[in-house]
Amino acid sequence: MALASVLRAGEPRTPHPESFFPLLKAPRDPAGPPAGLAAAAAPFLAFSGEGGERLPLPGPGLRLLHGTTTLAFKFPEGVAVAVDSRATAGSYIASQTVRKVLEINGGLLGTMAGGAADCAFWQRLLARQCRVYQLRNKEPISVAAASKLLANMVYQYKGMGLSMGTMICGWDKRGPGLYYVDSEGTRVPGGAFAVGSGAPYAYGVLDRGLATGPPTPDAAVALARRAIFQAAHRDAYSGGRVTVYLVGPRGWRHVSTHNVAELQERYGGGEEGED
């Protein structure tokens with residue numbers, strides 16, 4: 001309790017003159033975002049309870065534009081993971097040095113695509129839950145269980161504005177594991193995924209490289225690096241640096257980080273080059 005709020009017993013309260021609080025008459029901004037930052041209402045409609053008419057959902061209708069390129073694919077010796085490092089806010093490049101690979105534990109990696117805050121928060125929460133699982137069961141959590149845990153957590157917030165498209169990559173008793181999980185609670189296992197605005201370009205390089213057969217670890221690193229470079233070369237929302245990780249029986253390891261400009265000189269703007 002503040003000292004100013006303590007009154008002596010029996011002391012009458014005298015109202016302060018109106019001029020004692022001059023700030024109360026100062027003009028104030030209306031509630032909500034500034035008019036310059038508020039976008040048009042989102043086109044999503046919802047049925048009302050009476051008559052079946054369709055009404056717009058409440059809220060400012062802010063449009064969140066995201067751009068990135070992340071990929072991962074399995075091969076006999078493990079999982080190759082590659083990401084760019086550019087963060088964008090619409091057409092504005094916010095950062096060129098974002099770490100889009102999050103180390104969940106010694107054998108699990110997660111990638112970031114969508115809202116950076118959402119991806120970082122939920123994957124760090126997943127890391128904590130994986131640690132609790134390991135302490136309780138005396139063994140590391142499997143890739144399938146970790147991805148299912150993340151999908152269950154974000155599904156509770158479906159439709160509430162989360163933006164996350166991540167890949168959970170790791171190695172467990174079953175060998176290499178790769179799952180795609182998004183903010184709608186979708187969970188899909190697969191052999192190769194590319195997520196983000198540059199995914200179509202990355203898929204083109206991956207399909208060509210994987211068509212000749214399972215790659216060796218060195219070939220997998222070169223293929224992942226080249227796929228991210230080609231996506232950054234064609235997609236304005238991807239760029240910065242290309243970072244490659246490998247996940248194997250002994251856990252994950254960081255392989256390399258190259259600036260896109262360096263890879264441009266190496267690959268010669270799309271021609272075949274030495275890796």
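In this predicted model, the buried residues of helix H1 are Cys-119, Ala-120, Trp-122, Gln-123, Leu-125, Leu-126, Ala-127 and Cys-130. They pack against strand S7 (101-105), strand S8 (108-111), helix H2 (143-155) and strand S9 (165-172). Helix H1 itself covers residues 116-137, 22 residues in total, and its first and last C-alpha atoms are 31 Å apart, close to the 32 Å expected at 1.5 Å a residue. Just after H1 comes Lys-138, whose phi is positive, at about 60°.

Leaving aside neighbours within four places in sequence, the contacts of Thr-69 include Val-83, Asp-84, Val-195, Ile-228, Asp-235 and Ser-238. Gly-198 is also in contact with Thr-69, and the backbone nitrogen of Gly-198 lies 3.4 Å from a polar atom of the Thr-69 side chain. Ala-202 is another of the contacts; although 133 residues separate Thr-69 and Ala-202 in sequence, their C-alpha atoms are 7.8 Å apart in space.

As for confidence, the protein chain has an average pLDDT of 81, and 73% of the residues score at least 70. Strand S4 (residues 78-83) has the highest confidence, at a mean of 96, whereas strand S1 (residues 45-47) has the lowest, at 46. Residues 1-9 have a pLDDT below 50, and this stretch makes two contacts in the model beyond near neighbours in sequence. The pLDDT is also below 50 over residues 36-48, a stretch with 26 such contacts.

Methods
Residues numbered from 1 in each chain as written. Predicted model: local features only at pLDDT ≥ 70, side-chain atom pairs only at ≥ 80, totals over all residues. Heavy atoms only, no water. pLDDT = per-residue confidence, 0-100. Helix = DSSP H or I, 4+ residues; strand = E, 2+ residues; numbered from the N terminus. Contact = heavy atoms within 4.5 Å. Polar contact = N/O pair within 3.5 Å; in protein donor to acceptor, adjacent residues only side chain to side chain. Expected span 1.5 Å × (residues − 1). Buried < 20%, exposed > 50% of the residue type's maximum accessible area, 1.4 Å probe, protein only.
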